[in-house]
Each structure stands twice: as C-alpha cells, then as structure tokens.
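Open the model in your viewer and keep the selection panel at hand. The tour goes from stop to stop, with something to select at each one.

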Amino acid sequence: MDAFILIGSLILLLLVGFPVAFAVGFSAFIGAWWIDLPLEAVVIQVTNGINKFSLLTIPFFILAGAIMAEGGIARRLVNFAYIFVGFIRGGLSLVNIVASTFFGAISGSSVADTASIGSVMIPQMEEKGYPRDFAAAVTASGSVQAVLTPPSHNSVIYSLATGGVVTISSLFVAGIFPGLLLGACLMVMCLGFARKRGYPKGEAIPFRQALKIFFDAFWGLFTIVIILGGILSGIFTASESAAIACLWAFFVTMFIYRDFKWSQLHILLFRTIKTVTIVMVLIAFAAGFGAVMTFMQLPTAITEAFTSLSDNKYVILMCINVLLLVIGTLMDMAPIILILTPVLLPVATSLGVDPVHFGMIMMTNLGIGLITPPVGTVLFVASAVSKQKIEQVVGAMLPFYCMLFLVLMLITYVPALSLWLPHIMGVM
C-alpha cells in the first residue's frame, strides 16, 4: 500500500499536468505523510540533495555547451567531419554522425546536439537529394551518443543518484567506447542505405583546404582535450574541468570565432540559468523522494521481486531493459535516473553487475527513450528543426531503432565494452 500511495500520487500529479520536478516533490511529501514520517525529515533530505560540491559540474558543462552551440562550433565541426567521410557514397549522412560525435563530446547534451548539428546538416542533406525525414532520423539517432560520451550531464546525475558509489570520471571514461560503438553502427547502417538508395558521393577536400578547416575547428575541438585530458591526467577534478571548459568555450566563442554577439550573451545566460534551475530543483526533490522510498523499504522489495522472477542474470537484465525502454518513452531522462537508480541498482549489483556497467545500460536505454514517442525530447527537436511531422520522422527512424536496440544488447551482455577502458585508465 505504501508503494501504491507514493508511486500512484506521482503518476496522478503527472497526469494532471504538474511539472515533473514538483510532481516528484509533492509525491514525496504525500508518501511521508502516509507513513507518518516528519515532513521536516523530507525537507532536510531535499536540501542535502543539492548541497554537494560535485553538482557544480552540471551548470558549468551546460553553460559551456550552450556557448559552443551558439558560437559557430557546429558548422566548423561539420566541415571538419567532411574531411574524413564526406567523399564516400552517402557521405553527408556519415558527416552528420561524425559531427554529432564531436559536438556531443563538447556539449554533453543530445538536445543541443540535434538542434545545432541538425540546423546545419538537414538542409545540406536535403539539397543533395536525401529525404528530409531520413536526414532528421540520422541527426536524432546520432545525438544519442551525447548521453554516453563525456561530458554527459546525465552521467553526472547517475553518479549523484548512486550516492557517490560511482565516480563521474569512471562514467566519463566508460562511456567513450559504447558511444563510439553506437556511432560506428549507425554509420554502417547509413552506408547500407546509401548503396541501396543511390545517395550521392561528395568531393574529396584538397589537403591545403583540409588543413585550413582543421585549424579553424581546432579551438573548439580543444575543449574535448580539456575535459578528458584534465580529468584522466588527474590535473583537474570533474568540477574543475567543467569550469575551465566553460572559460575556454567563452574565450573561443567571443574572441576567436566571434560568431556570437555580445548583445545576445545575457539571453544565453538567462536560458542556461533557467535550465540549471529546473535540473537542480528536480535533483533536490528526487533526493527527498528517494529518502521516502528507502523508509518504505521499496528498493529491497523491488530487488526481491525481480530476483523472484528468475535466477538467470540475463533474463532479469532483459526485464530491466524492457522496463527502462517503456518508462523512457513516457518521462524525461533526468527524473528517471534519479528515481529508478536507487531502486534498480541494488537489483543489478545483486546479480553481480558492476555499477559503472549498469550506468551505461541505463544511459543507453534512456537515450533511446529521448528519440521515441510520445515524450521523446530529442525527437521533437529533430521534428522542429527538419520541419517534418513527428510521424514522418518516426517512420524514417524505424530501422535506426533496430540498430540502437542491437547496440543496447551488446552493451548489456558484453560488460567489457564499458569496463575495459576504465580499468586500463585506472579510474575504477
């Protein structure tokens, strides 16, 4: 009955139109009232939930990504990607995915990736004879890499949701290979479509021009070196790396590229503050929600329920995947991570699944949810940028869903894909 009151009130509040963050908070207070837990205890958990130094990583990375997204970096990354794959048949679809790989490693946001790369690539692809819905599908699918590769905001949130059991740096390193694998699989699919449908080849870029494009893109690409190099070398913590990346992004955008007007800076900062505020309120209330769940002993009960389904580790992991895929289509990524990690992580660890590996499983599942109706945030952005109806984009994405599910299965059942690099780098 306790679980019904807590989860039922959350679902009811969401159905009547409450913002997710406040629905989580109010349902936590309702659950506390039901079990006679003092409301002051929930308030203490809410304040403790955001009283963490590591949370500074989130606003800094969000601001750095926003500055680079507005500062012309997307166009330069597209030109840079064209050097490597633009001359191949169907090369523009490959350029789209490679550019998303680079941009995701700077912004850490699938939404920013889709909006920035899509605004550059979708018109170019249509001009060269690619269907607009296919271009939108490639852009949206390629942006899923951003939830896996550093500096993924959602990896920071997962680290927080584990209670510090998993470090941000281990998640950043663990996400590199799965993210690249996802991009590579999508590129193979695009090559198959290009051969079957006769998409055009591009022209090879002369060496001198390629060199010029590289130096033009170098300043933006160096952000990746700051983020990864600083953390892996031990020079910076994740929070310090985020702050320095933010300063670097500002310097490059305003003084080197100079594509962004100073008069627009206050608007960008306002948008970023608004985004950060929403995320922080959600994190705070999710901490209170998690505390009430713990008092109700829901994580233990759910662990026992899952383990009673089967004694086969792989069957239970498939059940968790199905659960996350379904819920990922109905809610945004951050609240799911904050609410379900304390519930599902004990299940996974009881099966012998490494918490870092489980983080990659969860990120991949919920990344697919971002591009799946009815509440796929990235899907809506791709639809808006491409000026296509949602159903047209979804129709074009059906083969991509199949490929993404294959990648999910590989990440789920081959732990080495996620864990070998953190072990080599010594961050686990």
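**Start: the annotated span**

Keep in mind that this is a predicted model. Select residues 7-417. An unreviewed UniProt entry annotates them as "domain: TRAP C4-dicarboxylate transport system permease DctM subunit".

**Stop 1: helix α4**

Select residues 57-70, which form helix α4. How far apart are its end C-alpha atoms? They are 20 Å apart. That agrees with expectation, because 14 residues at 1.5 Å a residue should span 20 Å.

Next, show the side chains. The buried residues of α4 include Thr57, Ile58, Phe61 and Ile62. Leu63, Ala64, Gly65, Ile67 and Met68 are buried as well. Then step past the end of the helix to Gly72, which follows α4 and has a positive phi, near 90 degrees.

**Stop 2**

Select residues 73-85, helix α5. Arg76 sits in this helix. Asp216 and Arg76 form a salt bridge, with their closest N and O atoms 3.2 Å apart.

Are the two partners buried or exposed? Arg76 counts as buried because its relative accessibility is 7%, under the 20% cut-off. Asp216 has 31% and counts as partly exposed.

Stay on α5 and pick Val85. With a relative accessible area of 10%, Val85 is buried. The C-alpha atoms of Val85 and Ile205 are separated by 10 Å, although the residues are 120 apart along the chain.

**Stop 2: the other salt bridge**

The count comes to two salt bridges. For this one, select Glu126 and Arg132. Their closest N and O atoms are 2.3 Å apart. Glu126 counts as partly exposed at 37% relative accessibility. Arg132 counts as buried at 19%.

**Stop 3: the second largest pocket**

Which residues are closest to its centre? Select Leu160, Ala161, Gly163, Ala287 and Pro342; these come closest, out of 18 lining residues.

- α3, residues 39-49
- α9, residues 153-161
- α14, residues 265-295
- α17, residues 333-350

Colour the lining by class next. In this pocket 10 residues are nonpolar, seven are polar and one is charged.

**Stop 4: the cavity**

The structure holds one cavity of 30 Å³ or more. The largest cavity has a volume of about 30 Å³. Select its lining: Gly328, Met331, Asp332, Met333, Ile336, Leu366, Gly369, Leu370 and Val375. Helix α17 gives two or more residues to this lining, and so does α18, residues 355-369. By class, the cavity lining has six nonpolar, two polar and one charged residues.

**Stop 5: backbone details in the loops**

Most residues other than glycine have a negative phi, and most peptide bonds are trans.

- Pro151 lies in the loop between α8, residues 132-142, and α9.
- Select Asp36. Find it in the loop between α2, residues 20-34, and α3. Asp36 is exposed, with a relative accessible area of 68%.
- Select Lys387. Lys387 is in the loop between α19, residues 377-386, and α20, residues 390-413. Lys387 is exposed because its relative accessible area is 72%, over the 50% cut-off.

Definitions and conventions: Residues are numbered from 1 along each chain as its sequence is written. This is a predicted model: local features need pLDDT of at least 70, side-chain atom pairs count only at pLDDT 80 or more; totals for chains, interfaces and linings use all residues. Side-chain values use heavy atoms; hydrogens and water are left out. On a 1 Å grid over the protein atoms alone, a cavity is a set of points where a 1.4 Å probe fits but cannot get out, and a pocket is an open set with protein on both sides within 12 Å along at least five of seven lines; lining residues have an atom within 4 Å of a point. Helices (H or I, at least four residues) and strands (E, at least two) are DSSP runs, numbered from the N terminus. Ala, Val, Leu, Ile, Met, Phe, Trp, Tyr, Cys and Pro count as nonpolar, Asp, Glu, Lys and Arg as charged, and the others, Gly among them, as polar. The expected span of a helix is 1.5 Å times one less than its number of residues. Buried means under 20% relative accessible area, exposed over 50%, partly exposed in between (1.4 Å probe, protein chains only). A salt bridge is a side-chain nitrogen of Lys or Arg within 4 Å of a carboxyl oxygen of Asp or Glu. UniProt positions are given in the numbering used here, feature names are shortened, and annotations may be inferred rather than shown by experiment. Grid points are joined across faces, edges and corners, and a volume is the space filled by probe spheres set on the points.
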